[in-house]
Amino acid sequence: QASYLSTKGLSLLLGSIAKVKRQINPKLKIDGVLLTMVDHRTNNARDISAALRASGEQLRVYDTEIPFSVRMAESTAAGKSIFAYDPHGKVAAAYTALTEEVMQHERAEANRPRSNERAR
């Protein structure tokens, strides 16, 4: 979520992930961070989004953001996915865009030469 407390939680989570990576699973990798419930009408959400994106290569932030929407809360209360509840709404469109972005990233990663292949 694009809020102050969420970014503090993210910082703690990244610390825990680094510890797990060092002690248990050195191959553990975070593909990226997804901003959800983003309301760009507020300065706070805009500032947090910009700050996370400015973190550079340390933390990949997906270009797609899931906007805040009352329809999303309604779909949860109705026990339906956003695609069943509001298939033509902005949240469903954002999740569809995220799917495309993740797939494009995965294809690029699969086609990227590995470090040992570059040495040849």
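This is a predicted model: local features need pLDDT of at least 70, side-chain atom pairs count only at pLDDT 80 or more; totals for chains, interfaces and linings use all residues.
Me: Fine. What fraction of the chain is buried?
Reply: Buried residues account for 24% of the 120 residues. Buried means under 20% relative accessible area, exposed means over 50%, and partly exposed is in between (1.4 Å probe, protein chains only).

Me: How many helices and strands are there?
Reply: There are 6 helices and 2 strands. Both are DSSP runs numbered from the N terminus: helices are H or I with at least four residues, strands are E with at least two. Along the sequence the order is α-β-α-β-α-α-α-α.

Me: Is the chain spread out or compact?
Reply: Spread out: the radius of gyration is 17 Å, well over the 14 Å that the globule rule gives for 120 residues, so the chain is more spread out than a compact globule. That radius is taken over C-alpha atoms, and the rule is 2.2 Å times the number of residues to the power 0.38.

Me: What box do the C-alpha atoms fill?
Reply: Along the principal axes, roughly 55 × 30 × 25 Å.

Me: And contacts, what share joins residues at least 24 apart?
Reply: Of the contacts in the chain between residues at least 6 apart in sequence, 59% join residues at least 24 apart. Contact means heavy atoms within 4.5 Å.

Me: Switching to charges. How far apart are the mean positions?
Reply: The chain has 18 positive and 13 negative charges, and their mean positions are 7 Å apart. Lys and Arg count as positive and Asp and Glu as negative, with His and the chain ends not counted. Each charge is placed at NZ of Lys, CZ of Arg, CG of Asp or CD of Glu.

Me: How many salt bridges does the count come to?
Reply: The count is 8, with a salt bridge being a side-chain nitrogen of Lys or Arg within 4 Å of a carboxyl oxygen of Asp or Glu.

Me: What does E109 pair with?
Reply: E109 forms a salt bridge with K29, at 3.9 Å from N to O. E109 is in helix α5 (residues 90-111) and K29 is in the loop between α1 (4-23) and β1 (33-38), so the pair ties together parts 80 residues apart in sequence. K29 has 53% relative accessibility and counts as exposed.

Me: What about R53, which partner?
Reply: E65, with the closest N and O atoms 2.7 Å apart. R53 belongs to helix α2 (residues 43-53) and E65 to strand β2 (residues 61-67), so this pair, 12 residues apart, links distant parts of the chain. R53 is partly exposed at 30% relative accessible area, whereas E65 is buried at 17%.

Me: And D86, where is that residue?
Reply: D86 sits in the loop between α4 and α5. Leaving aside neighbours within four places in sequence, D86 is in contact with R71 and A92. The side chains of D86 and R71 also meet in a salt bridge, 3.5 Å from N to O. D86 is buried, with a relative accessible area of 17%, and R71 is partly exposed at 34%.

Me: I82, buried or exposed?
Reply: Buried, at 5% relative accessibility. I82 is in helix α4. Leaving aside neighbours within four places in sequence, the contacts of I82 are R71, M72, S75, P87, V91, A92 and Y95.

Me: Last one: where is H88?
Reply: In the loop between α4 and α5. H88 is exposed, with a relative accessible area of 79%. The C-alpha atoms of H88 and K29 are separated by 33 Å, and the two residues are 59 apart along the chain.

Definitions and conventions. Residues are numbered from 1 along each chain as its sequence is written. Side-chain values use heavy atoms; hydrogens and water are left out.
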